[in-house]
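The following exercises ask the reader to examine a protein chain step by step. Each task is followed by a worked solution.

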Amino acid sequence: MPVLDIFNADAFSVTTMTEAMREISYVPGRIGELDLFQVESIDTLDVAIEKQSAESLLLIPSSPRGGPGDTRDIGRRSLRKLTVPHFQRNDAIYADEVMGVRAFGSEIAVETLQGKIARKAAVHSQDFALTEEYHRLSVIKSGILFDSDGTTQIYNYATEFGESLPAEVDFDLDNTSPAAGVLRRRCAVLLRAMADSLGGLPFRGVMVIMGKAFADDFYAHKEVRETYLNYSAAADLRAGYVSTTGKTYGGFEFGGIVWEEYRGGGSVSVGDDKAHAFPIGVPGLFKTLYAPADYIETVNRPGQRLYAKQWQKPNDKGVNVEFQMNALHYCTRPRVLMPLRRT
């Protein structure tokens, strides 16, 4: 009886392995959960982004009938080409790992290897999810897509799109004797600045993600507490401390802005004394693009979030396993990303 060629079975094709990896429970971080980034699949490795500079509205002076009228320069369009970054994780499974379970003509070895690949895929899938959250958060915080080392810039979108990032705003939350209404006024200034930066673009509101020290002082601020404690919405203030969704420590609305403490860890976090404001509901503001894998089978096909593939080691001693993601996260208008500080 011939030996079962398990490594060339349908169970280990690119399509089947990718589908198995997608079935692994994916628990995104808070930024992913908010659905801020519009997700698209592309069948190329590059994307061209056309951008036209915002024009200020000008009053038109009167002119004599039949005479020359007023003129003005109209901003030109610019085109930027961005290449989708490639992220890859390599692994392997050796023949000795299924020693003792294989029989002639039996599917047991296939099932065992599938189980091992699924367990490896679960670990790698979580790493890819963490990487996506890190990239999206870095875009919101700085308008820069950083690599995993936190210093290498893959793309600086302010530079790419010819925009300037706003200066950091001091909320002075450690002031023990703040002036009456000062915090609400700062919120109003922030809302107006956000609307001005968006021009005529529609938006539903503004959200702020906070570090823990910023959040503690914000919740404890006299103005915030007085606003909530004197009526039924005091429960919202309590929820700001006790929410345990696993992705946030809670938050609530104040001054027309949604304030939320971001629950991070390690490099995927908001600085303790920092906060970051951004608009919500702006069409096409944040985008995620998935490109195809670098396999013959995926050429010119719409990209998927994750891919997995295997190939045999020399002398049939096992299989190499590869997992990959080709994803680009970006902000089309980095000028709207407003950094805040506690003091």
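**Exercise 1. State how many helices and strands the protein chain has, and describe the chain as a whole.**

Solution. In this predicted model, the protein chain has eight helices and 15 strands. The next step concerns burial: of its 343 residues, 43% count as buried. The surface is then considered. The accessible surface of the protein chain comes to about 18300 Å², and carbon and sulfur atoms hold 51% of it. Finally, contacts with a separation of 6 or more are examined; residues 24 or more positions apart account for 75% of them.

**Exercise 2. Identify the residues with the most contacts inside the largest nonpolar core.**

Solution. The largest nonpolar core has 59 residues, and those with the most contacts inside it are Phe 218, Trp 259, Phe 286 and Leu 328. Phe 218 may be taken as an example. When residues up to four places away in sequence are not counted, Phe 218 touches Leu 173, Leu 183, Met 210, Val 224, Phe 252, Phe 254 and Trp 259. There is also a second, separate core of 14 residues, which includes Ala 121, Tyr 290, Val 321 and Ala 327.

**Exercise 3. Determine where the buried residues of α5 lie around the helix axis.**

Solution. Begin with the length. Helix α5 has 17 residues and reaches 25 Å from its first C-alpha to its last, close to the 24 Å expected at 1.5 Å a residue. Next, list the buried residues of α5: Val 182, Leu 183, Cys 187, Leu 190, Met 194, Ser 197 and Leu 198. Seen down the axis of α5, these buried residues fall within an arc of 150°, so they line one face of the helix. The face of α5 turned away from this buried side carries the exposed residues Val 189, Arg 192 and Asp 196. One member of the buried list can be checked directly: Cys 187 has a relative accessible area of 0%, and therefore counts as buried under the limit of 20%. Lastly, α5 is followed by Gly 199, whose phi is positive, near 65°.

**Exercise 4. Classify Asp 35 and Asp 172 as buried, partly exposed or exposed, and give the phi of each.**

Solution. Most residues other than glycine have a negative phi. Asp 35 has a positive phi, near 55°, and is found in the loop between α2 (30–33) and β1 (37–41). Its relative accessibility is 64%, so Asp 35 counts as exposed. Asp 172 also has a positive phi, near 50°. Its place is the loop between β7 (169–170) and α5 (182–198). At 23% relative accessibility, Asp 172 counts as partly exposed.

**Exercise 5. Locate Tyr 155 and list the residues with which it is in contact.**

Solution. Tyr 155 lies in strand β6 (residues 153–156). Because its relative accessibility is 12%, Tyr 155 counts as buried. Leaving aside neighbours within four places in sequence, Tyr 155 is in contact with Leu 82, Thr 83, Gly 143, Ile 144, Leu 145, Glu 160 and Leu 328. Consider Leu 82 in particular: Tyr 155 and Leu 82 are 73 residues apart along the chain, and their C-alpha atoms are separated by 8.5 Å.

Conventions: Residues numbered from 1 in each chain as written. Predicted model: local features only at pLDDT ≥ 70, side-chain atom pairs only at ≥ 80, totals over all residues. Heavy atoms only, no water. Core = buried A, V, L, I, M, F, W, Y, C linked by side-chain atoms within 4.5 Å. Buried < 20%, exposed > 50% of the residue type's maximum accessible area, 1.4 Å probe, protein only. Contact = heavy atoms within 4.5 Å. Helix = DSSP H or I, 4+ residues; strand = E, 2+ residues; numbered from the N terminus. Expected span 1.5 Å × (residues − 1). Arc of directions from axis to C-beta. Areas by Shrake-Rupley, 256 points an atom, 1.4 Å probe, with all protein chains shown as cover.
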